[in-house]
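Have a look at the sequence and the 3D view first, then read on.

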Amino acid sequence: MTMGDTTPNPIHQDPELDHRAGLAPRRGLIRRLLRWGGFACVLTMALVFGGFLRFADSVTTLKPPAEPKADAIVVLTGGYQRIDQAVELLQKGAGKRLLISGVHPTTTPRQIRRMTQGSADLFSCCVDIGHDAIDTIGNAEEASNWIHANGYRSVIVVTNNYHMPRSLAELSYVDPDIEFIPYPVVNSDLKTRNWFTDPNAMRVMLAEYVKVLLAGARNITGFGRHTGLRSASVSAAD
């Protein structure tokens with residue numbers, strides 16, 4: 001500054017200070033996001049684990065009604081134990097007619113009758129074989145078509161206990177006005193209280209729980225839902 005010059009000397013702020021000041025809020029924001037993200041992950045895991053415990057408890061405590069009665073009976077294939085139980089219910093008069101849903105196309109009614117030791121007269125008059133369903137969604141759609149074709153209002157549903165929640169969810173989604181009465185067939189691996197120590201039983205339960213969650217999300221959003229019927233798949237391919 002020269003003698004007599006009164007112009008103030010401008011103060012230049014250190015650029016490094018500006019850089020550090022800008023980083024501090026960003027770092028604070030990142031820390032908060034990571035913290036809340038961690039809380040959300042922990043909460044989600046707790047909800048999923050709690051849901052699994054509730055699912056497992058409901059499945060392992062499911063019991064068939066003592067004297068079920070409905071217009072008809074539907075059994076979802078997956079083992080002859082289910083079909084045996086459904087045929088026995090039909091013989092006792094629990095329903096007027098039985099649909100065996102999801103039978104493989106190469107399986108004949110005669111083969112099923114021999115495996116279940118059911119009478120020829122019973123199968124001839126009161127048992128229908130469904131070959132169209134390829135999964136649980138297809139079971140629900142095949143059963144719905146059969147129910148409406150016969151004008152039924154209440155139906156006993158026969159399937160394994162671990163499969164029952166998802167089966168009822170799919171059936172109720174397709175036909176919310178029909179009364180579905182669960183008749184669970186108890187899986188032998190889930191009879192004891194210590195089933196969770198059996199790797200095979202645990203694998204079945206975990207896999208089914210994941211399927212239940214996916215089915216619930218699919219039924220709410222409609223995303224990823226398919227027909228589940230062989231006839232529809234063939235039509236789409238054509």
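## Cysteines and a threonine

The structure holds 1 disulfide, meaning a pair of cysteine sulfur atoms within 2.5 Å. Before going further: this is a predicted model, where local features need pLDDT of at least 70, side-chain atom pairs count only at pLDDT 80 or more, and totals for chains, interfaces and linings use all residues. Residues are numbered from 1 along each chain as its sequence is written, and side-chain values use heavy atoms, with hydrogens and water left out.

The disulfide links cysteine 125 with cysteine 126, S to S 2.3 Å. The angle about its S-S bond is -90°, and the link is left-handed.

How do some of the residues sit relative to the surface? Buried means under 20% relative accessible area, exposed over 50%, and partly exposed in between (1.4 Å probe, protein chains only).

| Residue | Relative accessible area | Class |
|---|---|---|
| Cysteine 125 | 42% | partly exposed |
| Cysteine 126 | 16% | buried |
| Cysteine 41 | 48% | partly exposed |
| Threonine 159 | 0% | buried |

Now for threonine 159, which belongs to strand β4, residues 154-160. (Strands are DSSP runs of E, at least two residues, numbered from the N terminus.) Leaving aside residues up to four places away in sequence, threonine 159 touches Leu76, Arg82, Met164, Ser167, Tyr183, Pro184 and Val185, where contact means heavy atoms within 4.5 Å. With arginine 82, the side chain of threonine 159 also makes a polar contact of 3.0 Å. A polar contact is a pair of N or O atoms within 3.5 Å; within protein, one must be able to donate a hydrogen and the other to accept it, and residues adjacent in sequence count only if both atoms are side-chain atoms.

Note on methods:
Helices (H or I, at least four residues) and strands (E, at least two) are DSSP runs, numbered from the N terminus.
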